[in-house]
Amino acid sequence: MATIFSRIVAGEIPCHKVAEDEEFFAFLDINPVAVGHTLVIPKAEVDYLFDIDDPKLGRMMAFAKRVARAQEAAIPCKRVGVAVMGLEVPHAHIHLLPIAKESDMNFFGKKLSLSQEELAEIACRIREKFE
Ligand code: AMP
């Protein structure tokens, strides 16, 4: 059965898309820990990030870097923090979070509560800066 993220890539489930190319897709996390919290995934389904072959993993990180540059330009932050867990959704993904301090990476605290309109506006701002 397709993962929820494959269904997002296929357009079967809505998302706030940030960027895509032939191999990778980036969209806002539905339960953001920070404003602009984005997930980068490979379009082809694979569960564990480190099962991706080296050349493709390199391309994925280069794509994530372009997304991070767009986040830096669009969202006030000191830098973009990176996290990989993957225990909830069995489709490899890299979390990219615009942060100003370590505690902005708190995945275990209260999530931000942003409306669909706010999420759409944030995604639009990042999308516009993606090169
Ligand atoms: P983890 O697998 O632990 O890295 O966490 C999975 C992440 O995917 C969580 O931060 C969820 O909020 C996020 N997530 C789950 N479903 C969706 C969805 N439909 N759209 C966007 N993000 C999602």
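The lining of the largest pocket comprises 17 nonpolar, seven polar and three charged residues; Ala, Val, Leu, Ile, Met, Phe, Trp, Tyr, Cys and Pro are counted as nonpolar, Asp, Glu, Lys and Arg as charged, and the others, Gly among them, as polar. The model is predicted, with local features requiring pLDDT of at least 70 and side-chain atom pairs pLDDT 80 or more, whereas totals for chains, interfaces and linings use all residues. Residues are numbered from 1 along each chain as its sequence is written, and side-chain values use heavy atoms, with hydrogens and water left out.

A pocket is defined on a 1 Å grid over the protein atoms alone, as an open set of points where a 1.4 Å probe fits, with protein on both sides within 12 Å along at least five of seven lines; lining residues have an atom within 4 Å of a point. The largest pocket holds about 640 Å³ of space, a volume being the space filled by probe spheres set on the points, which are joined across faces, edges and corners. Its lining is made up of 27 residues, of which Asp29, Ile30, Asn31, Leu39 and Glu88 are the closest to the centre. At least two lining residues come from each of helix H1 (4-9), strand S2 (24-28) and helix H3 (116-129), with H1 giving the most, three residues. Helices (H or I, at least four residues) and strands (E, at least two) are DSSP runs numbered from the N terminus.

The ligand sits in the largest pocket, in that more than half of its atoms lie within 2 Å of the grid points. Of the 16 residues around the ligand, the nearest are Asp29, Gly86, Glu88, His93 and His95, a residue being near if one of its heavy atoms lies within 4 Å.

Ligand oxygen atoms lie 2.5 Å from a side-chain N or O atom of Asp29, 2.9 Å from a backbone N or O atom of Glu88 and 2.8 Å from a side-chain N or O atom of His95.

Note on methods:
Polar contact = N/O pair within 3.5 Å; in protein donor to acceptor, adjacent residues only side chain to side chain.
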